[in-house]
Amino acid sequence: MTPPSGSLLAAEELRKAYGPTMALDGAHFSIHPGEVVAVMGPSGSGKSTLLHCLAGIVPPDSGSITYNGAELATMSDAQRSALRRSEFGFVFQFGQLVPELTCVENVALPLRLNGTSRKEAERAALGWMQRLEVDDLSKKRPGEVSGGQGQRVAVARALVTGPRVLFADEPTGALDSLNGERVMELLTEAARSTNAAVVLVTHEARVAAYSDREIVVRDGKSRDMERAV
Amino acid sequence: MCTVLGMSIGHTLLGLLESGPRHGYDLKRAFDEKFGHDRPLHYGQVYSTMSRLLKNGLVEVDGIEAGGGPDRKRYAITEAGVTDVHQWLATPEKPEPYLQSVLYTKVVLALLTHRDAADILDTQRSEHLRMMRILTDRKRHGDLADQLICDHALFHLEADLRWLELTAARLDKLAQAVTR
């Protein structure tokens, strides 16, 4: 199966085993700029492994992953790290914010690590916090904000570097319906406004309903429902 | 085709014929055993359905036992009938409440006829998500009343999807149970 032309990130025939367990067994994936793709499937189906491989966090045992036409496997560790810092953004379910830093310092952190001055990084961070409607929490520490607010701070931090791909692994898994919904609205609106692609791993249909299309992973194999019909 | 609680009796009887020719009474017995539960078919429903299928070329009379009469006919599915069942199974149902009876029928028939039941569930999930995307979008742009109305529909669709996931996870067990 060849990825559709114009794909920003694409994977073919991915295989990954953890001991005797095949986490991925010939999975495929592709996403275009500005697209939101939900990766769905039951627990243990290989969804998160697929996300980790696509993001260059875990190397697959075999198969190909290309970002912007370049093969991830041929990049050095330093190049992959640079890619993750500047081109990719991440939102996870739990424990992403540094508890010792204020919310604005957390959001500014990726820019600071890239060498941006504190003043400039925090100015950009506040801009994203406004878009995510959490700018009033800038001086608070993560322990002082609610789960939904903390997750919006995490989304702001993931977007502050202007990533071209945002990886979101069960981003609303720890939130109630109303907060989860607001996070998804703000996350998808923000990503669409910057033409970022979003890889959204979820087992919740209401979250997947914010995507443009879905890929189903079962027993390590993927099925692109749009390309299947 | 005639439906009971959204279930197409014609398609179900056709699907049951795929494993080999059967008499009308045999079809009724198989239907009641697999799908009838608390709503067994009447003989009249079977024969009126079979005569319609016959007229439409989806079944043919494979033999008639001595004694004549409609209940003595043995029916066989035609190629057009197999195609018709295939198309019905492959077409997702319009998401609506109480869909589980027709989906259950499709899944069981797919297993009985050695088709890919997981494929049917995946296609249906996709159709449900398509509807959920429309409702989610309407909700984003609507007022509070729109939001509440859409939420109600979304929660029902989500319940269907949970059933689809659970059934997908139990397909192996279900296959063993229905082909026993």
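Two strands count as paired if DSSP finds at least two bridges between them. Helices and strands here are DSSP runs numbered from the N terminus, with at least four residues of H or I for a helix and at least two of E for a strand. Everything below comes from a predicted model, where local features need pLDDT of at least 70, side-chain atom pairs count only at pLDDT 80 or more, and totals for chains, interfaces and linings use all residues. Residues are numbered from 1 along each chain as its sequence is written, while chains are lettered from A and ligands numbered from 1 in the order in which they are written.

**View 1. Strand β8 of chain A sits among neighbours.** Strand β7 (residues 165-169) of chain A pairs with β8(A) in the parallel sense, over five bridges. Look for A:Leu166, which stands opposite A:Val198 in β8(A). To get from β7(A) to β8(A), the chain passes through helix α6 (residues 177-193) of chain A, and this β-α-β crossover is right-handed; that is, with the strands pointing away from the viewer, the path from the first strand over the helix to the second runs clockwise. Strand β3 (residues 36-40) of chain A also runs parallel to β8(A), joined to it by four bridges, and here A:Ala38 stands opposite A:Leu200.

**View 2. Is β8(A) enclosed or open?** Five of the five residues of this strand (197-201) are buried, so β8(A) is largely enclosed by the rest of the structure. Buried means that 20 or more other C-beta atoms lie within 10 Å of the residue's own; 12 or fewer makes it exposed, anything in between partly exposed, with C-beta atoms placed from the backbone. Both faces are covered, with A:Ala197, A:Val199 and A:Val201 on one side and A:Val198 and A:Leu200 on the other.

**View 3. An antiparallel sheet in chain A.** Four strands line up as β2-β1-β4-β5 in an open, antiparallel sheet. At the edges are β2 (21-31) and β5 (70-71), each pairing on one side only. Strand β1 (residues 9-18) and strand β4 (residues 62-67) of chain A share five bridges, and A:Arg15 has A:Ser62 in β4(A) as its bridge partner.

**View 4. Two helices cross in chain B.** The axes of helix α1 (residues 9-17) and helix α2 (residues 24-36) of chain B come within 10 Å and cross at roughly 105 degrees. That makes α1(B) roughly perpendicular to α2(B). Axes are lines fitted to C-alpha atoms, for helices over the stretch in contact, and angles run from 0 to 180 degrees between N-to-C directions; under 35 degrees is roughly parallel, over 145 roughly antiparallel, 65 to 115 roughly perpendicular and the rest oblique. From α1(B), B:Thr12, B:Leu13 and B:Leu16 meet B:Leu27, B:Ala30, B:Phe31 and B:Phe35 of α2(B), contact meaning C-beta atoms, placed from the backbone, within 7 Å.

View 5. Three strands form an open antiparallel sheet in the order β3-β5-β4. Strands β4(B) and β5 (residues 73-77) of chain B pair over five bridges, with B:Val59 opposite B:Ile77. Helix α1(B) packs on this sheet, touching β3, β4 and β5 of chain B, and its direction makes about 90 degrees with that of β5(B).

**View 6. Where chains A and B meet.** Twelve residues from chain B and eleven residues from chain A make up the contact. On the chain B side, α6 (117-141) and α7 (144-169) each give two or more residues, and α6(B) supplies the largest share, seven residues.

Technical notes. Two residues are in contact if their C-beta atoms, placed from the backbone, lie within 7 Å.
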